Amino acid sequence: MVEISLAGKVAVVTGSSRGVGRAIALRLAEAGCRGVTINYVQNRERGLEVVRELEERGAEGLLVQADVGEEEDANRLIKETYDRFGRIDILVNNAGICPRGTFFDTPLADFDAAYKICLRSTFLCTKAVVPIMKEQGGGHIVNVSSTSGITGGTMGPAYGAAKAGVIALTKYGARTLTQYGIKVNCVAPGYVETEMYYTANYDVKVRQQRIKDIPLGRIAQPEEIANVVLFLVSDLSSYVIGDTILASGGRTT
Ligand SMILES: NC(=O)c1ccc[n+]([C@@H]2O[C@H](COP(=O)([O-])OP(=O)(O)OC[C@H]3O[C@@H](n4cnc5c(N)ncnc54)[C@H](O)[C@@H]3O)[C@@H](O)[C@H]2O)c1
């Protein structure tokens with residue numbers, strides 16, 4: 001029987017008080033992680049709820065408020081995790097926002113915000129964690145991009161461009177960090193049933209059209225993305241390096 005065990009490992013998941021990040025954190029706990037850091041920006045209550053859910057699964061949860069697009073916050077997130085657990089085996093760069101718009105109406109502020117929260121945060125958290133992982137002799141970094149990072153996307157000029165940068169950072173990370181035992185990979189989901197999906201596709205007709213474009217005929221559940229992350233941080237993905245795994249229900253075909 002094939003089994004995935006992350007027994008004794010420690011993980012940090014950015015933007016994990018809800019949605020895909022929450023599902024990833026819980027899946028890592030179910031696979032045996034002993035410690036998982038939950039990162040939130042504003043909603044402490046929801047973060048605490050996820051910490052309780054982690055405890056139900058036998059893992060210790062650490063809740064850290066941090067805007068991961070800010071260098072000081074990103075450094076503190078990694079430091080507090082290391083101080084609490086004494087090691088960091090897994091970093092999942094999941095935090096993101098998806099501003100809607102077109103070239104005609106997207107304010108520069110939205111473009112900058114998508115860049116900051118999707119891409120700059122991935123750079124900052126990776127930069128903060130790699131000295132620890134190098135010292136330990138290895139670790140896993142999984143970046144959450146999007147099919148928009150490959151196709152350019154449907155939401156506007158800001159999101160797809162930031163998510164394409166995440167794929168490039170993944171490749172650069174793999175090229176330069178694999179020698180230290182640090183494996184960097186990426187998951188690019190299609191539409192996932194979270195608050196982001198409903199905010200970005202607030203119109204029912206738009207949502208119906210989106211589903212028509214998906215060969216599988218439905219959008220993903222957050223747990224289906226978490227399963228891909230679990231594969232990427234497990235021994236089963238030993239030859240997957242610098243790669244982006246799509247989970248799109250066939251949408252990019
Ligand atoms: N939902 C989708 O259809 C979809 C599709 C493709 C990719 N994704 C990606 O999946 C990831 C998770 O998104 P989701 O669908 O769960 O949406 P979500 O809006 O439910 O979750 C995003 C999380 O990021 C957090 N966040 C935002 N700004 C932050 C900051 N500055 N610092 C720390 N955390 C911050 C939010 O608080 C939230 O918890 C994102 O990177 C998103 O781009 C989502």
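Modeller: I begin with Glu55, which counts as exposed because its C-beta has 12 neighbours inside 10 Å, and a residue with 12 or fewer is classed in that way. The model is a predicted one. Glu55 belongs to helix H2. In sequence Glu55 is 21 residues from Arg34, and in space their C-alpha atoms are 9.7 Å apart.

H1 covers residues 19-30 and H2 covers residues 44-56; their axes come within 9 Å and cross at roughly 20°. H1 is therefore roughly parallel to H2, since angles under 35 degrees are counted as such. The handedness of this crossing is right-handed. On the H1 side the contact is formed by Arg22, Ala25, Leu26 and Ala29, which meet Val50, Glu53 and Leu54 of H2. By residue class, this contact of H1 with H2 comprises five nonpolar and two charged residues, with no polar ones.

A second pair is formed by H4, residues 108-136, and H6, residues 157-177, whose axes come within 7 Å and cross at roughly 15°. These two helices are therefore also roughly parallel to each other, and H4 passes H6 in a right-handed crossing. From H4 the contact draws on Asp110, Phe111, Ala114, Tyr115, Cys118, Leu119, Thr122, Phe123, Thr126 and Val130; from H6 it draws on Pro157, Ala158, Tyr159, Ala162, Lys163, Gly165, Val166, Leu169, Gly173 and Leu177. Its residues divide into 14 nonpolar, four polar and two charged.

Helix H4 also packs against H3, residues 71-85, at an angle of about 35°, with the two axes 9 Å apart. Here again the crossing, of H3 past H4, is right-handed. Glu71, Ala74, Asn75, Leu77, Ile78 and Tyr82 of H3 meet Ser121, Leu124, Cys125, Ala128, Val129 and Ile132 of H4. Nine nonpolar residues, two polar and one charged make up this contact of H3 with H4.

Val240 lies in the loop that runs between helix H9 (222-232) and strand E7 (244-247). Val240 is partly exposed because 15 other C-beta atoms lie within 10 Å. Leaving aside residues up to four places away in sequence, Val240 touches Asn185 and Leu232. Asn185 is 55 residues from Val240 in sequence, yet the C-alpha atoms of the two are 7.4 Å apart.

The protein chain contains nine helices and seven strands. The C-alpha trace spans about 50 × 45 × 40 Å along its principal axes. Of the 253 residues, 48% count as buried. Among contacts with a separation of 6 or more, 73% are between residues 24 or more positions apart.

Notes. Residues are numbered from 1 along each chain as its sequence is written. This is a predicted model: local features need pLDDT of at least 70, side-chain atom pairs count only at pLDDT 80 or more; totals for chains, interfaces and linings use all residues. Axes are lines fitted to C-alpha atoms, for helices over the stretch in contact, and angles run from 0 to 180 degrees between N-to-C directions. Helices (H or I, at least four residues) and strands (E, at least two) are DSSP runs, numbered from the N terminus. Angles under 35 degrees count as roughly parallel, over 145 as roughly antiparallel, 65 to 115 as roughly perpendicular and the rest as oblique. A crossing is left-handed if the near helix is turned anticlockwise from the far one by less than a right angle, and right-handed if clockwise. Two residues are in contact if their C-beta atoms, placed from the backbone, lie within 7 Å. Ala, Val, Leu, Ile, Met, Phe, Trp, Tyr, Cys and Pro count as nonpolar, Asp, Glu, Lys and Arg as charged, and the others, Gly among them, as polar. A residue is buried if 20 or more other C-beta atoms lie within 10 Å of its own, exposed if 12 or fewer, and partly exposed in between; C-beta atoms are placed from the backbone.
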